[in-house]
Amino acid sequence: MLSFFNFRHQIPFSGFSLTLHCRRGWRRLQLGQIRMGGRSLIYELEITISRGAGARRLIQVDGEMAFGQLHEVVQSAFEWERGHVFHFRRERSSGEQIPIPEEQKVADALKEGDEVRYSYFADGEWGHRLTVKSVQPKTPANSEPNAAYPRCLEAEGELPHKYTVPPMFIEPGIRTPDDLTLDINIAFIRFDGIPTLYEVNGTWSGSDEFRRKEVPVSDEQLTRFNEFRSGWKGLLQEVLAAMKLLYGARPWEYLNGSQVIFLEFGDGEEPLFIRVLGHEEDEFGLVVYSGWDGYRHLCKELEGKLTDQERIHGFRGVYATFVNKRELNPLIRRIYKELGYTFKQSGWPLLEAIEPGWLPQLPRPQDAEHLLHAIGAVRALLKSSSDFSALPVFRPGGKMIGFVAEDSGAMKGGIVDAPDIPAERVPGIRVTDYTVKCLKNLPRSEQRIEYDLSLAEVYGREPVIQRLFHPLLLASADADTGRMIHSKFLSMTDPDILAQAMFADVLIHVLKSLPAEVRLTAGTARRLGPLLGMLGIRERIVHRLPGVEKAREAEVGKVEGYFSL
């Protein structure tokens with residue numbers, strides 16, 4: 001397993017607490033708060049949209065925020081899908097519209113009573129009117145304890161879901177204003193504690209690229225990192241205690257990696273699938289596969305059917321293995337020690353939460369809970385079984401070890417039928433009605449093209465906590481000549497969201513026609529299938545795309561803002 005933790009950049013956050021409701025009840029998490037320095041001004045903004053449902057938001061932001069950052073806040077507040085042109089403007093008494101630069105700070109441009117227009121062009125212009133309701137200095141006397149900004153105070157009205165991405169694709173109209181406010185505040189938090197903002201004076205300008213300068217690590221930065229992690233302290237301490245018990249139990253001496261454990265929850269949450277490493281492998285510990293996506297990956301892995309792309313980028317879950325002390329990043333060792341834990345020389349836990357497109361990181365709260373349940377299931381199995389060789393070896397359609405996690409924390413287990421492998425979710429039409437209209441107005445041609453949108457083998461750096469990720473790389477080529485048609489890096493990691501929109505952009509703005517045939521891989525075909533079917537474009541699923549491969553190589557060689565390890 002790849003283990004890479006890079007905390008060489010300043011992380012300007014201190015602690016605050018937020019109570020979130022999850023399926024297991026209310027949990028109080030210590031999260032991060034932007035530290036702007038000096039005496040910040042807190043701006044209370046009312047944002048209204050006259051078009052459509054007349055949605056309204058009342059939010060508070062720090063005056064040190066740049067307008068490029070405020071754009072991100074507005075996008076999250078209204079759950080916009082992102083990806084379209086936007087601009088801020090002020091209107092003079094003469095009626096003249098004055099653009100506001102994205103790098104300008106809110107405090108340098110606005111005072112109480114001012115109004116600003118924010119325009120976002122998704123199927124035409126959506127005008128947002130931002131009114132400054134109040135401006136207050138942020139002092140202990142008038143700030144709520146542990147308050148974090150941005151935050152949403154009130155929310156009314158949802159926008160049409162064909163333009164937005166609400167959490168978990170919630171059906172429109174079922175959320176109360178309180179529910180909507182909570183969802184927006186959760187959207188303001190990224191990576192369990194990082195507000196979805198680019199740092200002040202950063203390089204965000206609405207583009208897909210950002211560039212950072214390397215800065216040596218310091219004790220102050222390490223301290224701030226530990227403050228940021230303080231909200232996870234309790235969970236991480238529980239995980240480390242459980243890992244110490246797991247190492248003492250040495251389950252790899254009794255179980256092999258093909259005896260898969262199925263862990264089900266009674267509250268509708270997707271199950272976990274657990275393998276013990278060490279009986280045949282060089283690594284010792286557990287692998288936790290999350291949900292049905294993880295189950296599909298597990299089945300392909302055990303059958304030897306993973307593609308190179310799936311093997312590198314398809315896993316979602318947690319690796320919890322044991323390594324020699326010298327193999328563990330010194331920063332992680334220091335964090336463990338500050339949490340009060342040391343381990344035997346070869347028994348130091350290497351905890352890696354992995355999601356497609358991102359390099360491993362320490363487990364977040366939900367990852368930590370999953371890992372605790374997984375360790376609990378393995379230990380329960382060790383206590384309840386005496387003949388481990390009689391336990392079934394997993395195969396699709398066969399038997400497997402099953403546990404149900406009860407609310408009390410108890411585990412009920414037995415031998416169960418292996419669940420059927422669910423089909424991958426096929427998205428519906430993920431472009432706007434206006435985009436569909438534009439596509440249907442395009443002339444048809446006899447051209448055959450290759451199209452791909454997948455993760456690239458280079459790295460970008462998330463601008464806030466500097467976490468490394470693989471960006472998406474769009475590439476299209478003529479299927480007959482191999483000539484590149486279009487290529488572009490996107491600083492996002494989820495092709496499900498963007499595949500149709502980027503394909504539509506290629507047809508409308510580059511080809512300016514509908515091709516007769518599109519050649520693509522099976523994964524891309526799943527994402528584009530509904531749109532291709534609606535447009536009457538023939539799809540051909542292939543294993544290799546020679547023209548796209550050349551286009552990707554050329555783009556990787558010349559791109560700025562990304563790098564290779």
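Tutor: With a term. A helix here is a DSSP run of H or I, at least four residues, numbered from the N terminus. Keep in mind that this model is predicted.

Student: Which residue with a positive phi follows α1?

Tutor: Glu79 follows α1, with its phi near 60 degrees.

Student: How many residues of α1 are buried?

Tutor: Buried means under 20% relative accessible area. α1 spans residues 67–77, and eleven of its eleven residues are buried. Among them are Phe67, Leu70, Glu72 and Val74.

Student: Why does Gln75 count as buried?

Tutor: Gln75 is found in α1. Its relative accessibility is 0%, so Gln75 counts as buried.

Student: How far apart are Gln75 and Ala187, in sequence and in space?

Tutor: In sequence, 112 residues separate Gln75 and Ala187. In space, C-alpha to C-alpha, Gln75 and Ala187 are 9.8 Å apart.

Student: Now a helix pair. At roughly what angle do the axes of α10 and α11 cross?

Tutor: Angles from 65 to 115 degrees count as roughly perpendicular, and those under 35 as roughly parallel. The axes of α10 (residues 433–440) and α11 (residues 495–511) come within 10 Å and cross at roughly 45 degrees. That is why α10 is oblique to α11. The crossing of α10 and α11 is left-handed.

Student: Which residues make the contact of α10 and α11?

Tutor: α10 supplies Thr435, Cys438 and Leu439, while α11 supplies Ala504, Leu507 and Ile508. Of the residues in this contact of α10 with α11, five are nonpolar, one is polar and none is charged.

Key:
Residues numbered from 1 in each chain as written. Predicted model: local features only at pLDDT ≥ 70, side-chain atom pairs only at ≥ 80, totals over all residues. Heavy atoms only, no water. Buried < 20%, exposed > 50% of the residue type's maximum accessible area, 1.4 Å probe, protein only. Helix = DSSP H or I, 4+ residues; strand = E, 2+ residues; numbered from the N terminus. Axes fitted to C-alpha atoms, helices over the stretch in contact; angles between N-to-C directions. Parallel < 35°, antiparallel > 145°, perpendicular 65-115°, else oblique. Left-handed = near helix turned anticlockwise from the far one by under 90°. Contact = heavy atoms within 4.5 Å. Nonpolar A, V, L, I, M, F, W, Y, C, P; charged D, E, K, R; others polar.
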